[in-house]
Amino acid sequence: MRQKHLIFGIVFLVLLCSFVALVAISQQKTLGQLVKEMNDARNKLYTPPDGAWPVYSDAFDVLEGMIDDVKDDLKALYGIKIDSTSQIDAAVKVKKSVTLSEEIKTALAAVETKREEVEDL
């Protein structure tokens, strides 16, 4: 009885090792192909005459500029403090904050549209 279990265990171990070796060999071949394909894709993307990188780069730079403008408006809005006692000064600051808020809303909508364009590239 023990001999049967020992023989079964050895056969099972040999089959398992063979399976692992086959999987390792097939993965190595596939990995080599994937590395080659990845290098080809990278070359196509970053090669200036044929690649898409210059178009993507320009659109992304515009998007970054738009985001920086929104950040500047947010900093300006955050800098508005109503601590003076003059009602005229307070009204001017409130008007300015409302105007900045509207500009930020409009700019964020434009940024979202541009982000979708860049994402499609």
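Arg 115 and Glu 112 are joined by a salt bridge, with 2.5 Å from N to O; the term covers a side-chain nitrogen of Lys or Arg within 4 Å of a carboxyl oxygen of Asp or Glu. The model is a predicted one, in which local features need pLDDT of at least 70 and side-chain atom pairs count only at pLDDT 80 or more, while totals for chains, interfaces and linings use all residues. Residues are numbered from 1 along each chain as its sequence is written, and side-chain values use heavy atoms, with hydrogens and water left out. The structure holds 3 salt bridges.

**Salt bridges**

- Arg 115 and Glu 112 are 3 residues apart in helix H3, which means that about one helical turn separates them. Helices here are DSSP runs of H or I with at least four residues, strands are runs of E with at least two, and numbering starts from the N terminus.
- Arg 115 is partly exposed because its relative accessibility is 31%, and Glu 112 is partly exposed at 35%. On this scale buried means under 20% relative accessible area, exposed means over 50%, and partly exposed lies in between (1.4 Å probe, protein chains only).
- Lys 105 pairs with Glu 102 in a salt bridge whose closest N and O atoms are 3.7 Å apart. Both residues belong to helix H3 (residues 87-120), and their spacing of 3 residues puts them about one helical turn apart.
- Lys 105 counts as exposed because its relative accessibility is 56%, whereas Glu 102 has a relative accessible area of 42% and is therefore partly exposed.
- Glu 117 forms a salt bridge with Lys 114, and the closest N and O atoms are 3.4 Å apart. These two also lie in helix H3, 3 residues apart, about one turn of the helix.
- With a relative accessible area of 42%, Glu 117 is partly exposed.

**Buried charged residues**

- Lys 114, in helix H3, has a relative accessibility of 17% and so counts as buried.
- Not counting residues up to four places away in sequence, Lys 114 touches Ala 59, Val 62, Leu 63 and Met 66. Contact means heavy atoms within 4.5 Å.
- Asp 73, in helix H2, is buried as well but has no salt bridge. Its nearest side chain of opposite charge is that of Lys 96, 9.6 Å away. For charge, Lys and Arg count as positive and Asp and Glu as negative, while His and the chain ends are not counted.
- Asp 73 touches Leu 100, Glu 103 and Ile 104, again leaving out residues up to four places away in sequence.

**Surface patches**

- Asp 58, Asp 61, Glu 64, Asp 68, Asp 69 and Asp 72 make up a patch of negative charge on the surface. Patches consist of residues with over 30% relative accessible area and no salt bridge; like charges are joined within 9 Å, and nonpolar side chains (Val, Leu, Ile, Met, Phe, Trp, Tyr) within 5 Å.
- The place of a charge is taken as NZ of Lys, CZ of Arg, CG of Asp or CD of Glu.
- Asp 58, one of the patch residues, sits in helix H2 (residues 53-78) and counts as exposed because its relative accessibility is 51%.
- A nonpolar patch on the surface is formed by Phe 8, Phe 12, Leu 13, Leu 16, Phe 19 and Val 20, which together have about 660 Å² of accessible area. Accessible areas come from the Shrake-Rupley method with a 1.4 Å probe, and for residues only the protein chains shown count as cover.
- Val 20 belongs to helix H1 (residues 2-46) and is partly exposed because its relative accessible area is 48%.

**Chain totals**

- The protein chain has 3 helices and 0 strands, and its elements run α-α-α from the N terminus on.
- The protein chain has 121 residues, of which 12% count as buried.
- The accessible surface of the protein chain is about 10,200 Å², and 65% of that belongs to carbon and sulfur atoms.
- Of the contacts in the protein chain between residues at least 6 apart in sequence, 57% join residues at least 24 apart.
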